[in-house]
Structure formats: C-alpha cells, structure tokens
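Here are my notes on this one, in the order I'd go through them at the screen. Have the viewer open while you read.

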Amino acid sequence: MTRPLRKALLAGIAVALAAVLAGCTADTTRGRVEHDFASTFSNQYAQSLQRQGKPVVRPRITATECHNGTNLKDDSGPGSWSCEIKYRVDGGKPQDEVWLALIDALGCYQAFTTDDKKRYHEITDVYSHKRILDPAGSFDGCYDVYDNRTSISKK
Amino acid sequence: MSEFAAVYRVESRKLLAQTRVRWVLGFLLVVPWIYIGLILHQDRLPLETLYGRYLKDTGYATPLAILVYASQWVLPLIAALIAGDIFSSEDQQGTLKTILTRSVGRNAVFWGKVAAAFTFTLLAVVTVAASATLAGIVTVGNDPLVDVGGTLRQPSAAAGLVAASWATVLLPTLAFGAIAMMVSILTRSSVLGVIVPVVLGLCMQLYTFLNAWDTVRHVLLGYTMSAWRGLLDSPSYLAPLARGLPVAAAYLVVATAIGFVAFRRRDVAGG
C-alpha cells in the first residue's frame, strides 16, 4: 500500500470513528432517568408498606421531572441529578418531593429524598423482624442504556 | 493419554503447587467473611455501593456488593496473577527448550497451558462467588432480596440471580487472563505478564467511570464486567450483556490468537 493511500485510509477511519462517536446517544438521558426513577419509586413505596405489614397501595404519580445538576448544556450524563416527583396515594393529599440521584456512568444510581428524616427513617420488616432503611426514603436503581428513551432536553 | 491432556495435567499440578496461587484461592475464600463481618460490626452501611444498603437485610446482598468491587479491579488481578507467568516462567527458567524437545508438540503445550490457566481462573471466580454467598447467608440470613427495580425476590430466585450475575463475569475475566498470557508470551516477562493486564484493567475502569464517549466505554472489558446489573432489575434487561459478551469474546479470541502465533513462531534454540 502506497503512503498517500495509507494516509487517506487512516484519515477516512478517523473521520468515520469521529462521526460514529459524535452521533451516539448518551447512556444517561433525562428520559431514562425519569422513567426509571418514577417506576422504581412506585415499586419501593409499595415495598415499604408491604414490609411494614400495611395494605399495599401504589402511589399514583402525576409528574416526574429530573435534571442533571452538573451538566448545564443538556440533561445527560452521570453526576448528581435532582428529581421532583408529584404523587397522590389512595385519594389523599397531593405529595410533592424532591429527591437526589447520584448516577454513575454505568446506568445505576443511589436515590434519596432531600428530607433527611425520611431518608434515614427505619422500619421494622414484618418478615425478617430486622430494622431496615425505609425504601420509600432511599433506594438504588438501574436503567437500560440501550432503550429508546433518548430525550436529553432541559425543557 | 493425549499430548494436550498430559500438558494440562502437569500445568494444573504446577499451578496448584505455586504458593501465589494457593494464597490467591485462600484469600478469596476468606475475604468475603471478613468483609461481611466488618459490615455487621459497624453502624453505617456502604450506601454509595450498589446493594450496600441491603447488606444487613439479606445474605444475597453480600455476593452482589462484592461483585461490584470485584468486577472493578479484583477479577483482572486474579486473572493476571494466575495466568501472567504461565509462559514466561519457562523462559526465565530456560525450560521451554526441554519441554518442546520431549514428546509433546507446541500446539499441545500452548493449549494445555491456556486450559490450565483458564481452569484455575474459573476456580478462583467460583471460589469467591460461593464463599461470598455462603458468608452472606450464614451471617445475615436467607432472606428475600429487593432488586434494583424495587421488586422482592424470594431466596431461591435471588440465589439464581446471584449465580447468573457471577456467571456473566467469567468470560471477561478469562479475556483478562488471555491478555496476561499474550503479554507474557510476547515480552517473556512475568512481571509484565502480571502488571500489564492489571494496569489495562484499571485504565478501562477509569475510563468507564469518566463522563466520556459512551461508545468507547461499551467496547471495554470493564463495561461487560458490569453488564450483570440488568439481570437484577424489574423488568430485567439483557441488552448490555448481549452486546458486552461478544466484546469480551473478541478480546479473548484476539489475545489468544496473538499469543498462539507468537508462541508457534518462537525460536527456542537458545533455551
């Protein structure tokens, strides 16, 4: 292979690689975080009631809005995300909570409410009789970085 | 007995006789018990680690929390310690010539050594997984596990998911072992055979946790090492595994092929 041809080939590979990398969707997107946070919150809320031996009721989530606090350009990428979740339980008063989610680059996070009383609240598990952290105050979550929830808009 | 089986048996015996390998296996057997023992004797939980919050709730959180740490740097280290000098030690002791002039061919020597190194790497991973699961169940209890989707998994289902999660890191761990053997063949250095895969693993891990190009992260072994997380979600998702395992297989095949070609072409006349 001649030198100019080799150079052209290498340049072509570099351009193609740059195009592929630039055109890819971020693993962590607002769409994925909001969807997973809302569904996991709902499951963990029900889990909390079940572990306390109370009738299991799922919260009716009316709105979830999450933003990346470390990325000012768009809502993508790992870091510290704040999530506002609005819900109502069994026709009760509307609830509005702000949570923090520490998201890693692999699509998992640790989420906890900003209300420290709720965050560190412990309940007694009726099954194991152990004191456990209330899942309605903090939980872990993960999401599929290959799904089609690719929205990263800040709006 | 075939040439391959003879080499495999001898290499396995040699590995088992090595103090370093015995120490690694013993360390992996004991560490999960120390880890959960320390956790149970402190008030705080490692909440920043996936499954750390459940360490005092269910025994099945122990192997998962340990898998989070192990997949970051322990497994590449294990693979490198076991496989990193299986070829280069022959160079250093000048025994390669002796082996190859005996009644076994180069192919049998290569594949016998590779198979023995892989067997012991798998044994090490199974040891730490089994020990961590046992340590969790014995010290914390056989209680249900809450997955990362917020669903309660009964002990039998949790045990299956723990086993499946550990099974997914076998291929990338073997890929690190293949890289270690390739480096040990190419450089004829045991030190580099052990250090290069570990440094490579750390670099991959560093990149994995950077907020950099995600596409690059997906083709690193560190990403495949963490793909098990989707198994324990509800609903579970397998896309990271489906994409990560072929990546690990590619590393394994390429590194083994390079090692094989280099070993076949090696001039051992000088001893």
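This is a predicted model: local features need pLDDT of at least 70, side-chain atom pairs count only at pLDDT 80 or more; totals for chains, interfaces and linings use all residues.

1. Start with one strand pair in chain A. Strand S3 (residues 95–103) and strand S4 (residues 108–113) of chain A run antiparallel and are joined by five bridges.

2. Chain A has an open sheet of five strands, in the order S1-S2-S3-S4-S7, with antiparallel pairing. Strand S1 (60–68) and strand S7 (138–142) of chain A sit at the edges; each has a single partner strand, so one side of each has no neighbour in the sheet. From one strand to the next, the twist averages 25°.

3. What packs on the sheet in chain A? That would be helix H2 (residues 30–51) of chain A, which touches S1, strand S2 (79–88), S3, S4 and S7 of chain A. The direction of H2 makes about 135° with that of S1(A).

4. On to the two chains together. The contact involves 30 residues of chain B and 28 residues of chain A. On the chain B side, the elements giving two or more residues are helix H10 (214–218) and helix H12 (239–265) of chain B. H10(B) supplies the largest share, three residues.

Terms used
Residues are numbered from 1 along each chain as its sequence is written. Chains are lettered from A and ligands numbered from 1 in the order in which they are written. Two residues are in contact if their C-beta atoms, placed from the backbone, lie within 7 Å. Helices (H or I, at least four residues) and strands (E, at least two) are DSSP runs, numbered from the N terminus. Two strands pair if DSSP finds at least two bridges between them. Axes are lines fitted to C-alpha atoms, for helices over the stretch in contact, and angles run from 0 to 180 degrees between N-to-C directions.
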